[in-house]
Amino acid sequence: MTMMFLATWLPRAASGNAGVVDGPFQNLYVITAFSVVLVTGLALVFIRTFGRQDEDQRGDEGSGFSRPLFGLWMLAALAMAVFSIASGLPGYVDSTVPPYGAVPVGVTARTGAFTFEYPGGNSVDTLHAAVGQPVVLTMESTDVVHGLSIPAMRLHQAIVPGRTSRAWFTPTLADTFALQDDIFSGDSLLVARTALVVQNQADYDAWMQSVADIFAGRTLPEVGELLYNRMGCKACHTINGAKLVGPSFLNVYGHQAKLRDGSTVLVDAEYIKESILYPNNKVVEGYEPVMTPFLGKLDDKEIGAIVEWLKTLSEHGGAAETGAAAADSTAGGKE
Ligand code: HEC
């Protein structure tokens, strides 16, 4: 039973699960309102009917305990409880299991801000979603307890430090909806407030594209560093001169690399590009040819950005001073 007149009290219903949330809420509301009216009404009627009319009136003995009445009351209460659980349970169960194919978005909550991370590693501070496309949020807190709430999606989830919480929703209307932290912990007045932007698939794809453009708003060395972190170079190459699986990137640009075959080669843009796309063509002395080829995974522009970034890590780079001061004997490991 959906009470349309009650629906106007609730925030706009713009998600697929609004029905299974609003329905039970309204059922409970109606049952509770009915009970309040019934009990209060009966109390008033009884007071009027059975109240003492004058000072020396004595009350009846009463008929004592009535088994049928008592049984009826217990049954009614039980029926209400069963009805409440039965109306809410399907929605609850549904809310715990994200549908297959939901877009996974990582949420990091901290005092005053949420960060949303999309597949591919793009971080934004406003949540975006496409109409009809389920989104599953995997949430963590970096400080205190937070709560992510999107009323229009009928979504509320506590985010407790040290735990990973999950919630999902499927938006059904394109619009911008309020999204906020609704658990106030600590003594901070900084409450994170941002928005959920629901778009049609085409607009959403365009937005995704613009976010995925790592060159937007970043300098080339910044893009290079981002790729170093994102593409996994970090697992094998340090930037502090320490040797890992591969040589450190500190001072690598512009130096003469000794190769396995005994020759030396100047590490310049050309050589770096070859090292990234076909790592096994020229293998640095002292290392195994285990680097994964990035052919097809990085384009020329991205490799160019990595080169620019490597320049900033090298005293031979000339482009910047970063790291040059730190260049000392520790860099000798790769020679
Ligand atoms: C699985 C480990 C591994 C990963 C991941 C990896 N590399 Fe390497 N890399 C190596 C090893 C080992 C060498 C040295 C052997 C060789 O030249 O192939 C090397 C060599 C290089 C060299 C030549 C260095 C020199 O001193 O001449 C460059 C440049 C390089 N990698 C760039 C990258 C970039 C950029 C990435 C990420 C997009 C990356 N590597 C990811 C293992 C790795």
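Modeller: In this predicted model, the largest nonpolar core comprises 24 residues. Those with the most contacts inside this core are Val-107, Leu-137, Leu-148, Ile-150, Met-153, Phe-177 and Leu-196. Leaving aside residues up to four places away in sequence, Val-107 touches Phe-114, Phe-116, Leu-137, Thr-138, Met-139 and Leu-148.

Val-223 leads us to helix α5, residues 220-230, in which Pro-221, Val-223, Gly-224, Glu-225 and Leu-227 are buried. The buried residues of α5 pack against α7 (300-312). After α5 comes Gly-232, whose phi is positive, near 90°.

Two further residues deserve attention for their backbone. Most residues other than glycine have a negative phi. Arg-154, however, has a positive phi near 55°, and Arg-154 is found in the loop between β6 (146-150) and β7 (155-159). Arg-154 counts as buried because it has 23 C-beta neighbours inside 10 Å, where the cut-off is 20 or more. Asn-251, likewise not a glycine, has a positive phi of about 60° and lies in the loop between α5 and β11 (256-258). Asn-251 has 26 C-beta neighbours inside 10 Å and therefore also counts as buried.

Definitions and conventions
Residues are numbered from 1 along each chain as its sequence is written. This is a predicted model: local features need pLDDT of at least 70, side-chain atom pairs count only at pLDDT 80 or more; totals for chains, interfaces and linings use all residues. A nonpolar core is a set of buried Ala, Val, Leu, Ile, Met, Phe, Trp, Tyr and Cys residues joined through C-beta atoms within 7 Å. A residue is buried if 20 or more other C-beta atoms lie within 10 Å of its own, exposed if 12 or fewer, and partly exposed in between; C-beta atoms are placed from the backbone. Two residues are in contact if their C-beta atoms, placed from the backbone, lie within 7 Å. Helices (H or I, at least four residues) and strands (E, at least two) are DSSP runs, numbered from the N terminus.
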